[in-house]
Amino acid sequence: MSEDPKKQVDDKGKRGSTKDDRNSAKDAPNSTKGARSGKSARSSNKGIITGVLSAAVILAAGGGAVAATSMVPAPSGGSAVDIRQADVPAGRSLGVCPEPARLVTGTEVDTDAEFSPVSTTATSALNALVLSNPAGTIPGSKVTSLAGDAVAEIAKTPTSTPSRSSGPPVLAAAAASISPVTAPTVVGADPIGNEQASVAANLSYSAKDGDLRGLAAALCQKPGNDAWLLGSDTALGRTAVLNLSNASETPATVNLDLFGAQGQIQAPGARGLLVAPGTTRSVNLAGLAPGESQLAVHVRSSGGPVAGTIQQSVLRGLVPGGVEFLSAGSGPSNLQVMAGVDIQDAAAIKALGSKAGFTDAVPALQIAVPGSTDAVVQVRLYGANGERQLPNGGVVTVKGGTVATLDLDGVPAGSYTVSASSDVAFVASTRIARGAKAEEPTDFAWSPSSARLGSQHVVAVPRDGQSFFSFGVPEGRATVSYAPVTADGKVGKSVDVDMSGGTTSLIELPAKSGQAVVAGYVVSASGDPVYGALILGRQDRADVSVLGIQDAAAGLQKVPVTVGY
C-alpha cells in the first residue's frame with residue numbers, strides 16, 4: 001500500500017520558535033487525499049450503499065401506497081388486504097479505517113534526534129476479523145483502498161452456502177493483520193443468506209519517540225451522515241486534525257457544527273466542505289476554533305456518507321503529552337454510558353494535574369448539550385466494588401449549546417463504568433490519562449458513549465501489547481461471555497462472567513489461546529444492560545487507548561408494505 005501523493009492537511013501548522021507554537025494553527029484551508037481510480041475500481045465499496053438504497057426504495061414504495069390509499073375512498077363491497085412484509089436486501093458490511101497518526105504538514109525536522117518531532121519507532125497495523133454464519137460459512141471479505149483498489153484478501157467468496165444443520169452453531173472465522181499501514185483503508189465483507197456479515201476491524205498506532213509518542217487506536221467505522229466527536233482541544237500545544245473519508249461513489253458535502261465552553265462557535269469555513277468519492281479531506285480544527293480546550297464537533301453530511309475521526313495530540317514544551325484518535329460515540333440521548341474508564345493512582349493524578357499545562361492530564365467526563373435548554377446531568381461511577389461517590393453527588397449543570405468537563409481526579413485507582421443521565425438530550429465521552437511525572441511523556445485516551453451489548457459482537461484485537469476487556473453493569477444482573485478467535489480462524493471455548501449490578505469487571509486477555517495467536521473475540525451478553533470496551537496498553541510504558549465494541553451484525557430486515565386498490 002503506497003501513500004497517496006495528494007494527501008495534505010488543511011492548516012500547515014508550521015513551526016515557530018517553540019514546539020508549542022507550531023501546534024497552534026490559525027487558518028484552515030482544505031485538501032483531499034486518496035485520489036480516485038475510476039468508477040469501476042470502487043465497485044467493491046458499493047454494496048452497503050446499494051443495500052441502503054434498496055431499503056429506501058422499498059420504504060418509499062410502501063409509503064407511497066399508503067398515501068394513495070388514504071386519499072381514495074374504499075370501494076363498496078371491497079375486502080381488506082393483509083399487510084405484507086417485504087425483505088430488505090442486506091448490503092456489504094463496511095468499515096472505513098483512518099491512516100496512522102501523522103505530523104501536520106509543514107512541520108520542520110530537528111537535527112537533534114532526541115528532540116526530533118519525527119518518530120523513528122512508529123509502527124501501525126490494521127487488524128480485521130470476520131465471523132462465519134451459524135453453518136460455518138465465512139463470507140467473502142477483503143481490504144481495499146478508499147478508491148476500491150485491492151490491498152489484501154481476508155476470505156475468499158464461498159462457492160456455496162450450506163444450510164445450518166440442527167444442533168449448536170458451528171462457527172469459524174478469518175483474520176488479517178496488515179502492517180505497516182500508510183493510507184486510509186476499507187474493510188468490507190459480503191452478506192450471506194441475506195444477512196449482513198459479522199466483521200470488526202481497527203487501526204492501531206504506537207511510537208516510543210517523536211512528538212506523536214504514545215498509543216492510538218480507532219475502530220474502522222461504518223460511514224454515516226451524522227456523528228458527534230468529543231474530546232478535541234486546540235489550545236496552545238494541542239493539535240486536532242479532523243479527517244473525513246468518503247468510500248462511496250457519491251460526493252459528500254459536509255457541515256461542521258462546533259461547540260465550546262462558551263457556546264456554539266461560528267466558523268464560516270466549517271460549511272460546505274466537499275469530500276470527493278474515494279478521498280479523505282483533512283481539516284485542522286485550530287483554524288476554525290482556535291484556543292478551545294473543550295471542543296465538540298458535530299459532523300453532518302449530505303450526499304455520500306462519510307467516516308470521521310480526529311487525530312488529537314498534546315505537546316507540553318518539548319515533552320510529548322500523548323496522541324489518540326477520537327471516534328464518534330452514541331448520538332444525543334438522555335442516557336450515556338462509557339466503559340473502559342481505567343484510572344491510575346489518585347494522589348499522583350492530583351499532583352500532576354495541579355502543575356501548569358497539565359489540567360488535561362487527569363481523567364474527566366466531557367458533556368456537550370446540543371440544544372438551547374440547560375441539562376442537569378446525574379453522573380454515577382461504578383467500580384469493582386460498587387458505586388463510587390463523586391463530589392456534589394455527581395450532579396453537574398451544563399448550559400444549552402455548550403461543552404463542560406467534570407474532573408474525576410479524586411477517584412481511587414481502578415476500572416470504572418461511567419453512567420450519565422438527564423431529562424435533556426446530550427452527548428458524552430470520558431478521558432483516561434496515563435503518566436505521573438511532568439518531565440516524562442504522558443498519554444491519554446477517550447472512551448465515547450456506547451450502546452448496550454447484545455449477542456455475538458466481533459472484537460478484533462491488536463497482535464502486540466496488552467489488552468483488557470472492561471465490562472460494566474449499572475444495575476440489575478447480567479452475564480457476559482467471550483470466546484477467543486485465533487489467527488488460524490478457530491473459535492475457542494466461551495468464558496462466562498456473572499456480574500451484579502453497579503459493578504465493573506476488568507479482564508486481562510492473553511496473547512495466545514493454546515499455541516495460536518489470538519486475533520479477537522466473540523462477545524455476547526444477557527440479562528440487564530451491559531456495556532463494554534477494549535483497553536489497550538504497553539508494558540512498562542504510559543501508553544493507553546480505548547476501543548468500543550462494535551455493534552453486532554443485523555439479521556434479515558423486513559418492512560411492512562401496504563397495497564391498496
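Two strands pair if DSSP finds at least two bridges between them. The legends below use that rule on a predicted model.

**View 1. Strand β30 pairs with strand β31.** Strand β30 covers residues 477–486, and strand β31 covers residues 495–500. Six bridges link the two, and the pairing is antiparallel. Look for R477: its bridge partner in β31 is S500.

**View 2. Strand β30 also pairs with strand β34.** Strand β34 spans residues 516–527. Nine bridges join β34 to β30, and the two strands run antiparallel. Find T486. Its bridge partner in β34 is V518.

**View 3. Strand β30 under cover.** How many of the 10 residues of β30 are buried? Eight are, so the strand is mostly covered, where buried means under 20% relative accessible area. In a regular strand, side chains alternate between the two faces of the sheet.

View 4. The chain holds 37 strands and three helices. It has 565 residues, and 53% of them count as buried. Take the contacts between residues at least 6 apart in sequence: 81% of these join residues at least 24 apart.

View 5. The chain has a mean pLDDT of 86, and 79% of its residues reach 70 or more. Residues 107–113 fall below 50, with 14 contacts in the model beyond near neighbours in sequence. Residues 11–29 stay under 50 too, and the model gives them 60 contacts beyond four places in sequence. Where pLDDT is low, the predicted coordinates should not be read in detail.

Definitions and conventions
Residues numbered from 1 in each chain as written. Predicted model: local features only at pLDDT ≥ 70, side-chain atom pairs only at ≥ 80, totals over all residues. Heavy atoms only, no water. Buried < 20%, exposed > 50% of the residue type's maximum accessible area, 1.4 Å probe, protein only. Helix = DSSP H or I, 4+ residues; strand = E, 2+ residues; numbered from the N terminus. Contact = heavy atoms within 4.5 Å. pLDDT = per-residue confidence, 0-100.
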